[in-house]
Amino acid sequence: MRKKKITAAALALTLTLSLAGCSGNSSNTGGSSGQAGSGSAAGADGDVYKIGICNYVDDASLNQIVQNIESRLDEIETEHNVTFDVSLDNCNGDSNVMNQIIANFEADNVDLMVGVATPVAMAMQAATEETQTPVVFSAVSDPVSSGVVESLDAPGANLTGTSDYLDTNAIMELIKAVKPDVKKIGLLYDPGEDSSTTPIAHAKEYLTQNNIAYVERTGTTTDEVMLAAQALVADGVDAVFTPTDNTIMTAELSIYETFIDAGIPHYTGADSFALNGAFMGYGVDYANLGKETANMIAQILLDGVDPAKLAVMTFDNGTATVNTETCEALKLDFNTVKTAFEPLCTKVSSITTAESFDDLSKD
């Protein structure tokens, strides 16, 4: 089994990982197949590779990615008779702690760093400019616009990874499929989240073009998000949209009942939101995203692939996950919703409310 270390950062932060995985569709925008060991292996039997993983925040989406990176690395160890010596930490959204974690990785001379979410990827990019330590990121929603890579096909420098880019217009169409006469939509997000910038801009463009009113409410902490949710209820919105926003994801368990009580469906950018009570999550399969991230790690470490030439991997955004308990509480019939969604989705699946995917699997 892989030798695994949990590092003690400045604040002795820890990360609880308890998420179950499932399969999904993905596409690499160029070059590589995304499968570990596909080339002439640079790694040899018995080799040990040091990997530093930093997760941005403790939420169901990002935790699911990390767990699946780890489980896939375990499989690759067995397949190739190598050892991945992993140091794992979580900065809980604190930039000072994040920078210290990354500095610790550099001091420990890791062979590769993994940054989960855009802020971590950007910090690792800055920290490795001189050393050129390979970095594989995960869940960076807009890697080009955020400046993490030069292009999806040819990332450049020492970074590549997986993106959870969100098709915002598709979610708007799903809202209209359930409520064709929708008049006003609430946009709930953290203005400081890079993962929300582009999707919220796209949502505004769509709503303006379709003559649908919208109101924006934002928050940077769980308390602020709770107030924003209450404000959206007072605004009289017909539905609420949130992209793959980690701040809102962290607060979802605290706000989903507010929307249920008001009869307002919350449409979101990941199935983990639905796991935590939102009406629907639409987007990438985060379990598969984690597995493919691990495959890219192995391509770099075992096959000697240059990250600058390893295309960023993007994924099919066609799965809608409906929380059946929330659906019922909103007085919506799941089968009717599923029928409305099916022409617009690759797949429609169901879920019930739990804190984590492992909790759900134990029910």
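**Entry 1: the sheet**

I count two strands as paired if DSSP finds at least two bridges between them. Strands (E, at least two residues) and helices (H or I, at least four) are DSSP runs, numbered from the N terminus. A note on the source: this is a predicted model, so local features need pLDDT of at least 70 and side-chain atom pairs count only at pLDDT 80 or more, while totals for chains, interfaces and linings use all residues. Residues are numbered from 1 along each chain as its sequence is written, and side-chain values use heavy atoms, with hydrogens and water left out.

I started with the open sheet of 7 strands, whose order is 9-8-10-11-12-14-15 with mixed pairing. Its edges are strand 9 and strand 15 (347-351), each pairing on one side only. On average, neighbouring strands here are turned by 25° against each other, ignoring direction; I take axes as lines fitted to C-alpha atoms (for helices, over the stretch in contact), with angles from 0 to 180 degrees between N-to-C directions.

**Entry 2: strand 12 and its neighbours**

Which way does strand 12 run against strand 11, and which way against strand 14? With strand 11 (residues 266-268) the pairing is parallel, over 2 bridges, and Y267 sits opposite M280 of strand 12. With strand 14 (residues 319-323) it is antiparallel, through 4 bridges, and Y282 has A320 of strand 14 as its bridge partner.

I then checked burial, where buried means under 20% relative accessible area, exposed over 50% and partly exposed in between (1.4 Å probe, protein chains only). Strand 12 (residues 280-283) is covered on both faces: M280 and Y282 are buried on one side, G281 and G283 on the other.

Contact, for me, means heavy atoms within 4.5 Å. Helix 4 packs on the sheet and touches strands 8, 10, 11 and 12, its direction making about 155° with that of strand 11. Helix 5 lies across strand 8, strand 9 and strand 10, at about 170° to strand 8.

I looked up which residues of helix 5 are buried: S195, S196, T198, P199, I200, A203, Y206 and L207. Their cover includes helix 4 (168-178), strand 8 (184-189), strand 9 (213-218) and strand 10 (239-242). I also checked its length, with the expected span being 1.5 Å times one less than the number of residues. The 16 residues of helix 5 (residues 194-209) should span 22 Å, and the end C-alpha atoms are 24 Å apart, which agrees.

**Entry 3: asparagines with positive phi**

Most residues other than glycine have a negative phi, so I went looking for exceptions. N211 is in the loop between helix 5 and strand 9, and is exposed at 73% relative accessible area. Its C-alpha atom is 8.4 Å from that of K183, 28 residues away along the chain.

N81 also has a positive phi of about 55°; it belongs to the loop between helix 1 (60-80) and strand 4 (83-90) and is partly exposed at 45%. N92 has about 50°, in the loop between strand 4 and helix 2 (95-107), and is partly exposed at 38%.

**Entry 4: cores**

I define a nonpolar core as a set of buried Ala, Val, Leu, Ile, Met, Phe, Trp, Tyr and Cys residues joined through side-chain atoms within 4.5 Å. The largest has 77 residues, and I51, F84, L188 and I297 touch the most other members. Helix 9 (residues 286-302) contributes most, with 9 residues. Beyond its neighbours within four places in sequence, I297 contacts I51, I69, L73, L112, V114 and V136. A separate second core of 29 residues includes I171, M172, A320 and V322.

**Entry 5: cysteines**

How many disulfides are there? Taking a disulfide as a pair of cysteine sulfur atoms within 2.5 Å, I get 0. C54 is in none, and its nearest cysteine sulfur, in C91, is 4.5 Å away. That is too far for a bond. C54 is buried at 0% relative accessible area, and C91 counts as buried at 1%.
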